[in-house]
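Thanks for coming, everyone. Let me put today's model on the screen, and then we'll walk through it.

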Amino acid sequence: MSKPISADQPRVPLAPDAQVKYFADLYQGAVNPDTLTKLTARAAELGLRFTNDELLVLAALDTPDKVQGFLDTHLDYNDDHVSVEQEETAMPPRRVLQTGAAHCFEGALFAYAVNYLHGHNSRFVLLETTQDIEHNLVVWQDVHTGRLGCNAHSTYPGLDGRRAEYRTLNALIESYYPYYYSIRSNDYNDIVLVGYSEPFDLAERFGIAWMASEEMLWSIYYTYIDASVKFRYLNDDAHEPHLYPLVHALKENWIRIDANGQGYVSTRDLPDAAHKLWHEFWQLHTDASKRPQHTASEIEREFFRLTGTTPIDLFDHADDLQWFLAAGYKIEQLLTKHSERSREAAESKNA
């Protein structure tokens, strides 16, 4: 879990330079001089410009376990969804150091960048849920044991990182299962973890300049899950991998964009059986903010079997598209594999 904030001692943010200096002073005696020299040289070789204090902190976090310790004990949780007035963020790693805070995605970007600078072969993995917020993991492998661990940042118990103790990725993801209960029902027995993405390399897809950027990383935030990324259901290796439900729904035209640029569920494009179930479900379950019960829950399971998603998830994905479109991104960016977009951009540039 992230650093707890006491109700009687609210967080008092420091100025950016002061926050970084606070971390540098904290790690001054813990950093290995040789590691600092090597990391400084690697950053320069990669064209990444950090301040001396930033380099000291990054050098001190030379193992994924140390990165997790930093996430857990020194970073507050950046709850940018706490209210509609709160400004949403997609902070790069150096802004995380400057603010002393990060949400799940920002914490994962920070962990990936630090591990990358130290030569650890980390990969991104997204946990797939139903009717809930998904979770980013940065998965790594211990070079001595071959076991898998991960970094993660969360305020929920059990959703933080894991030490390298797992033989397979499925086993690692399964360790999250008991803790991933629904925020809709707040019932510890109402588990919403469905599956996980196959690991993918963020640097391979987006380069590395973002690691030392000062700008918000919306381009990564909005497009890192697209048709390139395949998902697997938990404990179901017999089935073919599937696309993220929003991407799948867009490809099948189950979600379309209306004349006002608003996403909506195109029920006429659903498979016939799913179309019938859609209407039956909403006749029984009228509040999308709550989890379905009894017969509605049974209908939901059958709908999922036919489509790989649920009526509530389809509704939520269609509604969430407004933020993606308002930010200036195009549906094609989700439907086209990242490698194909990069090739098309290069060909256009050279034309």
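**Overall build**

The chain has 15 helices and 11 strands. Both are DSSP runs, numbered from the N terminus: helices are H or I with at least four residues, strands are E with at least two. Before we go on, a word on the source. This is a predicted model, where local features need pLDDT of at least 70, side-chain atom pairs count only at pLDDT 80 or more, and totals for chains, interfaces and linings use all residues. Residues are numbered from 1 along each chain as its sequence is written, and side-chain values use heavy atoms, with hydrogens and water left out.

Now the overall dimensions. The C-alpha trace spans about 65 × 60 × 45 Å along its principal axes. Buried residues make up 50% of the 351. Buried means under 20% relative accessible area, exposed over 50%, and partly exposed in between, with a 1.4 Å probe and protein chains only. Next, contacts, meaning heavy atoms within 4.5 Å. Among contacts between residues at least 6 apart in sequence, 63% join residues at least 24 apart.

**The sheet**

In what order do the strands of the open sheet run? The order is S6-S5-S4-S3-S7-S8-S9, 7 strands with antiparallel pairing. Two strands pair if DSSP finds at least two bridges between them. Strand S6 (162-166) and strand S9 (242-243) stand at the edges. Each has a single partner strand, so one side of each is left without a neighbour in the sheet.

Strand S5, residues 148-151, is joined to S6 by 2 antiparallel bridges. Leu 148 has Tyr 166 in S6 as its bridge partner. Helix H4, residues 64-74, packs on the sheet and touches strand S4 (135-141), S5 and S6. The direction of H4 makes about 35° with that of S5. Axes here are lines fitted to C-alpha atoms, for helices over the stretch in contact, and angles run from 0 to 180 degrees between N-to-C directions.

Now strand S7, residues 193-197. Why call S7 largely enclosed by the rest of the structure? Because 5 of its 5 residues are buried. S7 pairs with strand S3 (residues 123-129) over 3 antiparallel bridges. There, Leu 127 stands opposite Tyr 196. S7 also pairs with strand S8 (residues 230-233), again antiparallel, over 3 bridges. In that pair, Gly 195 stands opposite Tyr 233.

**A helix pair**

Helix H2 (residues 33-45) and helix H3 (residues 52-60) have axes that come within 9 Å and cross at roughly 115°. From H2, the contact uses Thr 35, Leu 36, Leu 39, Thr 40 and Ala 43; from H3, Leu 55, Leu 56, Leu 58 and Ala 59. By class, that is 7 nonpolar, 2 polar and no charged residues. Ala, Val, Leu, Ile, Met, Phe, Trp, Tyr, Cys and Pro count as nonpolar, Asp, Glu, Lys and Arg as charged, and the others, Gly among them, as polar.

Gln 131 is not a glycine, yet has a positive phi of about 55°. Gln 131 is found in the loop between S3 and S4. Buried or exposed, at 1% relative accessibility? Gln 131 counts as buried.

His 294 is not a glycine either, and has a positive phi of about 55°. His 294 lies in helix H12, residues 294-307. His 294 is exposed, with a relative accessible area of 67%.
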